[in-house]
Amino acid sequence: MKAHVQAAVIGGGVVGCSVLYHLAKFGWRDVILIERAELTAGSTWHAAGGFHTLNADTNMAALQGYTIRLYKELEELSGQSCGLHHVGGLTIATTPDRMDFLKAARAMHRHMGLETEIVGRKEIERLCPVMNTEGVLGALYDPLDGHLDPAGTTQAYARAARLEGAEIYQHNKVEELVSRPDGSWDVVTEQGTSRAEHVVNAAGLWAREVGEMAGVYLPLHPMEHQYLVSDDIREVYERDTELAHVMDPAGGTYFRQEGRGLVIGIYEQDCDPWGVDGSPWDFGPELLPDNLDRIAGPLEAAYRRYPCLEMAGIKRVINGPFTFAPDGNPLVGPVPGLKNYWSACAVMAGFSQGGGVGLTLAEWMIDGEPSRDVFAMDVARFGDYCTKPYTLAKVRENYQRRFAISYPNEELPAGRPLHTTPAYEIWDGQGAVFGSAYGMEHVNYFAKKGDERIEIPSFRRSNVFEAVGEECRAVRTAAGINEIHNFGKYEVSGPAAKAWLDHVMAGCMPREGRMSLSPMLSDSGRLAGDFTIMRLARERFQLTASYAAQAYHMRWFARHLPASGVDLANVSRERIGFQIAGPNARELLSRVAEADVSNAAFPFLSVREASVAGIDAIIARVSYTGDLGYEIYVAADRQASLYEVLAGASADLGLRPFGMRAMMSLRLEKGFGSWMREYTPDYTPLETGLDRFVDYDKPDFIGRAAAVEERSKPPNRRLATFVVDVADADAVAWEPIWKDGVVVGYVTSGGYAHYVEKSVALGFVPTEMIEDGATFDIEILGELRKATLLSEPLFDSAGARMRG
């Protein structure tokens, strides 16, 4: 075994072999793969081998499309057949809500260039005549769907990698990983030790154990999964063409042809985790015992859906474990807290996603960042809140929901509540209905008296429409209060704090007592963060950003932190509080703050440390509502006292609590963007309008060269705001934007702006088409709705309320 390598990939399944191939393809020839047994000897060998592009995240869907298109190239490069069957796939709908879901997916595919289509029962029966279409309303058809030979495909990756100079060591278990001061790793194996500049954990079922070797817990868990292979069926083998794949979400099954018979796979509600205490190292070539009782209900539904099964016997039952992350997407990228340790784990759909995972990781390792936004599978989308019990609860929930409809307004219950603030009990007593992000509970809205405290999931306006509208109107006409705990908050201090922030942030640093908005850029000039910077003292700053991006941002900070002169602390859960907003907000604050908060003394974008009724606080003159407003930060143990102070002083001011549903409605009236919607690593400052916060004259900040180059030529697309003529459904995200019968852009977010009583969408269109009053069409649930472009905010266009 080589004594020194650029990268050591641990795990010889389809994902590990894909990573190895892509690293070698992109120029890293001195790379090895280490497998404890033989290639495919984990989950890969017993996989059903299906592939599809359907995914709720557009970039994930695009990477799945890349994976599927790669197979023919692999066959040509390696000379190894992947056993491809491009038969197309149907996802059937038996309810109106499922049809809405499929229409939304079809609309998303339009701007991605994926040729899916909605088909009716006649076309379904033509593509899959063995199906009983009773109760079927329609289906989404994808011509790219199909299946392959898992072993042959894995060997194709391996052969292609070897042809590029990579080496593979089988029957060689990794025993230990030892980090070295220079960031490299000693990979200790049964056959010797290799010093690797980078380590990739692609260990599949054993990813947790390989993570523990490096001192980290990766949030994933294996689940048992069963599928059946039938005996020969005459209706199958007498056909001239192969049957299309079918997913029957209502029945919890997937279906495909297997030679002269059929495969039926089941995602059952009565599911079983595997390896709760760890994955045995000697497991692999065997299957788990059959458990047909567990899948009896879905199996009966499958026999009704495919009547030809009633006359066929079962040739074999496959019950094997696959790994899942809490949300079902892979865990990919540099693991926070470690140098040069990379994850390529929890890829439960390896033959749909394995190629995209390999591509992404190779780009990241070699170029420093992926070519697209991959946060949906970034290992840093989870934080230390993902304990083993929480992970298991969410993985089980995700498995049960494998075929469930993903609604834009749905909140999932497993593992909750996990983290709460002292205000949680206060809100609960006032009828709050909660959501959760990054393990933290937050208020979505407050139920009206007498209403059930539940929001019914829907693609259309939900049952809480009026309740949210009342909250919005209270903010705009009197005063509103909600928490600011769901911002990520970081304190940066020390003699080199300003110089470091000037380097990692693209914007200018504020003076003491002031705040500024700043994008954070990657080396390529794309967005890595959207920050508010508060300068509390000469050498002390508070940064705020997305709460859900904490591990993502801390990983970036750690990568660029100097050895001395800067102290960095994540204070997101320690420093919380409230924002108050609306025309009465200043009057309320003036009654309790032991400081002058008049506009003259405390203008817009000011920040100060002051006492609020004896409570030490940081007060910032800013509000994401776009109204007159203030953010008041205090220590977590003083939050409840702060609420009592504010509530007690507001009896005549109309103060009303509001939740995140109202917040997102209010920000649309100002055209304010949101992280991971309008602002993602797919976009640049100039495209999003954040260029107005970039200090191009600064001599040295990350991404400056790319940002300056972009400034010299206008971007092809820009972010714009639209008012949309709708019925009962608003734009949400990814809807295509049409102009003269052609898809020219897409929506990034949308909803109903309650105070101005308009349906609003934000989205990207070609720069040359941006003109006030220009008309477009936005496709919402299969219908084209007229959209008019706006050049000014719908509320307080001059900013008089916000700044006054």
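Predicted model: local features only at pLDDT ≥ 70, side-chain atom pairs only at ≥ 80, totals over all residues.
Residues are numbered from 1 along each chain as its sequence is written, and side-chain values use heavy atoms, with hydrogens and water left out.

Strand S28 (residues 607–612) runs antiparallel to S29, and six bridges join them; strands pair if DSSP finds at least two bridges between them. Strands here are DSSP runs of E with at least two residues, helices are runs of H or I with at least four, and both are numbered from the N terminus. S28 and S29 make a hairpin with two residues between them, and alanine 613 in the turn has a positive phi of about 50°. On to the next neighbour: S29 is also joined to strand S30 (residues 629–635), antiparallel, by three bridges, with isoleucine 619 opposite isoleucine 632 in S30. Of the six residues of S29 (residues 615–620), five are buried, that is, under 20% relative accessible area with a 1.4 Å probe and protein chains only (exposed is over 50%, partly exposed in between).

Aromatic rings come next. The structure holds 35 aromatic pairs; rings of Phe, Tyr and Trp (its six-membered ring) pair if their centres lie within 6.5 Å, and planes under 30 degrees apart count as stacked, over 60 as edge-to-face and the rest as tilted. Phenylalanine 255 and tyrosine 306 are stacked because their ring centres are 4.2 Å apart and their planes lie at 20°. This pair links distant parts of the chain, 51 residues apart: phenylalanine 255 belongs to strand S14 (residues 253–258), and tyrosine 306 to the loop between helix H8 (296–305) and strand S16 (314–324). Both phenylalanine 255 and tyrosine 306 are buried.

Tryptophan 342 and tryptophan 364 form an edge-to-face pair, at 6.4 Å centre to centre and 65° between the planes. Tryptophan 342 lies in strand S18 (residues 341–345) and tryptophan 364 in helix H9. Tryptophan 342 counts as buried at 7% relative accessibility, and tryptophan 364 is buried at 9%. H9 (residues 350–367) is itself mostly covered, with 16 of its 18 residues buried, and is followed by glycine 368, whose phi is positive, near 95°.

Ring pairs also link Tyr254, Tyr267, Phe324, Tyr399 and Phe403 into a cluster. Arginine 402 lies over the face of tyrosine 267, 5.6 Å from the ring centre; for such a contact, NZ of Lys or CZ of Arg is within 6 Å of the ring centre and within 35 degrees of the ring normal.
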